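Please keep the sequence and the model open while reading.

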Amino acid sequence: MESTQPTGKLLLGFRTIAQEKLQHVFYSIPSEKDLIIEPALIKPLEHVCGASWLRKKGIDKIFKFDPKNPPPKRKQFVYFITSSLLTFKSVLDQISGYQSQTSSLMEPDIRTKQYHVLVFPFVLASFEQLLEEEGLHGIVELHNFQWDFLLLDDSILSLELPNVFADVFVRHDTTLLASIAQSVRIFNLVMGKPHLIFSLGENAEKILQMVQRIESNKRVGSGTVGKAGEQHQPQPQPQSKEPAFATMLIVDRDRDYPACLLTSVVYSGLLVEIQKLNSGFLVVDGESNKIKTGKLAVLREDCDGTWRHKESPQTDSGGGQEVSSLRMSGAQDAIYLEHKYRHFSEVISMLSAQAKTLGLEGKAYSREMKLNEMKDYVTNKLPKVAAAKRELFKHLRLCETIVEEIGANFEKHQMIEESILTNTNRKQIMNYIMELLSSDAHRYNTLRLMCLYHVTIGLVPEDMAKLMTGYLNAFGYGNLTVFHNLYQAKLFPDTTNLSKTKLLSQISIPTLKTPFQLEANKLKQLPTDATTVEATASSNAGQGRENMLIGTGEGTAARTTGKACPSYVFNGNYIPLITQLTSMIFSASSFDNLNTRLGHLERLKVSGRALSSVVEPRPIKELAASSHKTTLNQLLPFREKTMFVFVVGGITYAEIAACHLLERTIGAKIVLSSDRIIAGHDLIESVVQ
């Protein structure tokens, strides 16, 4: 593990690069200026720089952007916003208001523009057009800014790009892939290009093709100056430096929907299921959470007994009451570090024990103390105990919310999810979903279960119509377009072209194995499947099955495999795809052996430093029969088990926990990244919204 520390230092280099980019923009704007920042960007920016750093770069005051309440105009303004046309229009409206207050006889000085708009991750072409239409072209200057990878926790990076899943997988707008490609290129410059790069999915392949084009263009035009934010980026060097990561794996979210739709049992995964996460900061709010705000309005329990409008999540979160946050980082929170990948039932009992210990510690120091001992206790130890109690209270409060919102129904829900994965008890599954729609309907989580059913088993038209009708009866027929959006993301069947003839042709006798199961069995992802029990028995030897409680009520036992198997993150039911691919790549003794294991995956393609002469990523089977076979066989097995994993469309804490368990088991170094960290709730919400 000697390479862990140098890799950690290199990961911190992304912060320095982001600061250099931001500094260059600020230095290009003369004299002092005020910064107006979009609220959604505040938390991510904290990972790049602090308020003191901004002041050193010429920023005087910092305001939160509010379209209705503009700050007083004192000097130059720098707006920092996301690449949303609606947000940009609000900014221009505000600037027009400032302009109308000044003398119309004064000609604007183009050399010293008073308004600058910094756009993350890049300026859209429509921004320039809107600027012209609003008559502000000579007054406002636009700048690009992208911070690349933010280090949220040990071995966890995020681009914090908004709306990637909705844009790429639902709308099929691949504009944001260019931003991801730029960041992957920066990764290659900082870390060194890996020997082998595996891509699984159409979008993952497009990203690598973009990276290759960017790198080739930079080599041809080295020394040229790009747009703002790129002037100080180093040019690609000859491939002499040994890469920090031997391999890279880029996977599309739609290649493994179950890992996002299933309910995780690890503590960090359940935290994101109940509260909103923004750049590693989790909201701690006892009044509102994802479960409450997503429920049908008439099913919510309000303290004042009033009915709220069904779209109240926005008003709840935007209230004046301030809520605290929890930093989901082991370096910042020792309690989180200890428990983040534990089964939730263990966390409850351990936190209770810690609470008792802190209580006893507070009493122990107050008895029979001398004056100097009491002074030392009050000065040094009491503040630490008080701080520890505050942090522990946050965790206990969150645990209480998990038990209240999820615990009562958890065991039954886990059994249904297992039945869906193993294609058993279809009638029971349908009855359970219909029961939820009639008695405990949730705008996103009910859809999530339907999507899991379709992705793993496949919905026949009769069941599809029944589920759609139940959902629309609960939430209104204005949600009819939701199912089309889900279809676009391959999460639901096509609802637009079902004639009687087609309907009859789709009704068939249920097969023993669905296409999902056949594929998952080849990769040994289903420990609960009868055909794979023997295959996974060796990895679970001696571990046995444990009874885990998800709350304090009796009889809420959840069956799980031993913790030697990464499937424990889903109660022993499923191993995430990225974990299994990583395991198979690292355990392959040769490229021929890798071809035997993964050659059937036609979408899994390979490129990288070892294949510099290959223009396009190519399938494993094709490379195994090519002239590159000898070179590739020499690389495997990897001497350094180091891998960088990127998921396009969001990664979950269950996947992160499973990969980090594998990391400890085989002695590897696995760094995980995505455009953002999500839960299944967030995935479905992005489709619905």
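## Basis

The model is predicted, so local features need pLDDT of at least 70 and side-chain atom pairs count only at pLDDT 80 or more, while totals for chains, interfaces and linings use all residues. Residues are numbered from 1 along each chain as its sequence is written, and side-chain values use heavy atoms, with hydrogens and water left out.

## Whole chain

The chain has 29 helices and 18 strands; these are DSSP runs numbered from the N terminus, helices being H or I with at least four residues and strands E with at least two. Of its 689 residues, 53% count as buried, where buried means under 20% relative accessible area, exposed over 50% and partly exposed in between, with a 1.4 Å probe and protein chains only.

Contact means heavy atoms within 4.5 Å. Among contacts in the chain with a separation of 6 or more, 77% join residues 24 or more positions apart.

## Nonpolar cores

A nonpolar core is a set of buried Ala, Val, Leu, Ile, Met, Phe, Trp, Tyr and Cys residues joined through side-chain atoms within 4.5 Å. The largest one holds 183 residues, of which F80, I180, L486, L491, L598 and I684 touch the most other members. Helix α7 (residues 175–191) supplies the largest share of this core, 9 residues.

Neighbours within four places in sequence aside, I180 is in contact with L159, L161, V164, I207, F646 and V648. In soluble globular proteins, nonpolar side chains tend to be buried together.

## Helix α17 and its partners

Axes are lines fitted to C-alpha atoms, for helices over the stretch in contact, and angles run from 0 to 180 degrees between N-to-C directions. Helix α17 (residues 426–439) packs against helix α18 (residues 445–456) at about 160°, with the axes 10 Å apart. The pair is therefore roughly antiparallel (angles under 35 degrees count as roughly parallel, over 145 as roughly antiparallel, 65 to 115 as roughly perpendicular and the rest as oblique). From α17 the contact takes R426, I429, M430, Y432, I433, L436 and L437, and from α18 it takes T446, L449, M450 and Y453.

With helix α19 (residues 461–475), α17 packs at about 15°, and the axes are 9 Å apart. This makes α17 roughly parallel to α19. M430, I433, M434 and L437 of α17 meet D463, K466, L467, G470, Y471 and A474 of α19.

## Helices α24 and α28

Helix α24 (residues 577–587) and helix α28 (residues 653–666) cross at roughly 20°, their axes coming within 9 Å. The two are thus roughly parallel. Their contact is made by I578, T579, T582, S583 and F586 of α24 and by E655, A658, C659, L662 and I666 of α28.

## Residue L208

L208 sits in helix α8 (residues 202–220). Its relative accessible area is 8%, so L208 is buried. Not counting residues up to four places away in sequence, L208 touches I197, S199, I250, S607 and P617. L208 and I250 are 42 residues apart in sequence, and their C-alpha atoms are 8.9 Å apart in space.
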